[in-house]
Amino acid sequence: MSRKIYEVLAWASSFLKQHGKEERAAELLLCHHLRITRAQLLARLRDPIDENARQLFEEDICKHAYEHVPVQHLTGFEQFYGRLFLVNRDVLIPRPETEELVEGVLTRITQLFPRNTTVDVVDVGTGSGAIAITLALENPALSVTAIDISAEALQMAEQNAKRLGADVAFICGDLLQPLIEANRKVDVVVSNPPYIPEDEIASLSPVVKDHEPLRALAGGKDGLDFYRSLTRALPFVLRERALVAFEVGAGQGKTVAAMLRKTFPHAKVEVVFDINGKDRMVYATLGK
């Protein structure tokens with residue numbers, strides 16, 4: 001006799017909890033294998049489950065619990081700003097807090113630049129393309145370029161742009177170097193660079209450190225290497241009126257803000273905190 005959906009879900013949730021994983025992963029994976037939404041899942045809890053789907057679901061539950069494979073790698077995607085982005089081991093899985101960075105950039109662009117003018121934006125270290133693609137789709141007035149040093153990451157970002165219908169240009173290169181070499185100026189530089197200090201990598205969850213690209217996580221000895229490199233390069237690529245937006249790790253905001261103030265003494269630099277009081281974003285507005 002076939003088992004009911006609620007029975008399989010209850011087993012998986014309990015199993016994941018016993019292994020220190022979030023119980024919500026069970027719902028996500030079950031919806032994925034049944035090809036239904038969460039609302040449909042809740043409405044069908046007493047229905048019998050397809051046996052093949054059950055077997056595949058339980059295999060993925062074990063992979064997540066024992067091998068620490070991220071749920072997003074099992075489903076192949078992650079939701080960001082209301083859209084589904086393809087992800088794999090070549091890119092950092094988009095985080096919900098990065099949506100706040102995107103929102104902050106969109107808001108400040110409307111405040112800084114005249115309406116109906118093209119604004120040149122570059123997303124440095126684009127990974128899956130989540131930031132660049134979201135900006136392009138949310139504000140059609142933006143001309144968005146995405147840079148990443150990883151050809152594999154760019155391939156994934158380009159797939160996401162095509163799937164979602166975003167007009168984004170992609171460049172393979174090291175941080176802002178491609179723009180400097182082309183003597184190209186832009187209005188906005190946004191980046192969520194690697195910012196985890198070297199000695200903290202080992203303490204990360206195995207779901208992160210064993211499955212996500214190290215180059216997208218490690219930010220040097222103190223986690224600030226990429227901010228130093230970006231800040232040194234910014235004067236060569238920014239126009240007189242410009243916006244810089246960085247996501248930062250907890251406790252890094254004050255230092256990154258100081259870097260920007262030293263580089264741009266007349267800029268308005270602000271550190272933005274999350275609901276828990278941790279610094280998450282740093283913005284610098286030039287020439288307003």
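Buried means under 20% relative accessible area, exposed means over 50%, and partly exposed lies in between, with a 1.4 Å probe and protein chains only. By that rule, both Phe80 and Tyr81 are buried. The structure is a predicted model, in which local features need pLDDT of at least 70, side-chain atom pairs count only at pLDDT 80 or more, and totals for chains, interfaces and linings use all residues. Residues are numbered from 1 along each chain as its sequence is written, and side-chain values use heavy atoms, with hydrogens and water left out.

**Overall form**

- The chain has 13 helices and 9 strands, where helices (H or I, at least four residues) and strands (E, at least two) are DSSP runs numbered from the N terminus.
- The radius of gyration is 21 Å, which agrees with the value near 19 Å that a compact globule of 288 residues would have; the radius is taken over C-alpha atoms, and the globule rule is 2.2 Å times the number of residues to the power 0.38.
- The C-alpha trace spans about 70 × 45 × 35 Å along its principal axes.
- Of the 288 residues, 51% count as buried.
- Among contacts (heavy atoms within 4.5 Å) between residues at least 6 apart in sequence, 67% join residues at least 24 apart.

**Nonpolar cores**

- A nonpolar core is a set of buried Ala, Val, Leu, Ile, Met, Phe, Trp, Tyr and Cys residues joined through side-chain atoms within 4.5 Å.
- In soluble globular proteins, nonpolar side chains tend to be buried together.
- The largest core has 34 residues, of which Leu176, Val189, Leu234, Leu238, Phe246 and Leu260 touch the most other members.
- Two or more residues of this core come from each of β3 (119–124), β6 (186–191), α12 (225–233), β7 (238–247), α13 and β9 (279–286).
- Not counting residues up to four places away in sequence, Phe246 touches Leu101, Ser191, Tyr227, Leu230, Thr231, Leu234, Val256, Leu260, Arg280, Met281 and Val282.
- Another core, apart from the largest one, has 30 residues, among them Phe80, Ile131, Ala161 and Met281.

**Aromatic rings and charges**

- The structure holds 5 aromatic pairs; rings of Phe, Tyr and Trp (its six-membered ring) pair if their centres lie within 6.5 Å, and planes under 30 degrees apart count as stacked, over 60 as edge-to-face and the rest as tilted.
- Phe80 and Tyr81 make a tilted pair, with 6.4 Å centre to centre and 40° between the planes.
- Phe80 also pairs with Phe85, edge-to-face, at 6.0 Å centre to centre and 85° between the planes.
- Phe80 counts as buried because its relative accessibility is 1%, and Phe85 does so at 0%.
- One aromatic cluster is formed by Trp11, Phe15 and Tyr66.
- Arg46 lies over the face of Tyr6, 4.9 Å from the ring centre, and Arg108 lies over the face of Tyr283, 3.7 Å from the ring centre; a charge sits over a ring if NZ of Lys or CZ of Arg is within 6 Å of the ring centre and within 35 degrees of the ring normal.

- Helix α2 (residues 24–34) is mostly covered, with 8 of its 11 residues buried.
- The buried residues of α2 are Ala25, Ala26, Glu27, Leu29, Leu30, Cys31, His33 and Leu34.
- They pack against α1 (5–18), α3 (38–43), α4 (51–66) and α5 (71–75).
- Arg35 follows α2 and is placed in the loop between α2 and α3.
- Its phi is near 55°, a positive value in a residue other than glycine.
- Arg35 counts as exposed because its relative accessibility is 77%.

**Other sites**

- Tyr81, in the loop between β1 (77–80) and β2 (83–86), has a positive phi of about 55° although it is not a glycine.
- Gln72 is found in helix α5 and counts as buried at 18% relative accessibility.
- Leaving aside residues up to four places away in sequence, Gln72 touches Phe77, Glu78, Val87 and Ile93.
- Phe264 sits in the loop between α13 (253–263) and β8 (268–273) and counts as buried at 12% relative accessibility.
- Beyond its neighbours within four places in sequence, Phe264 is in contact with Leu234, Pro235, Leu238 and Leu286.
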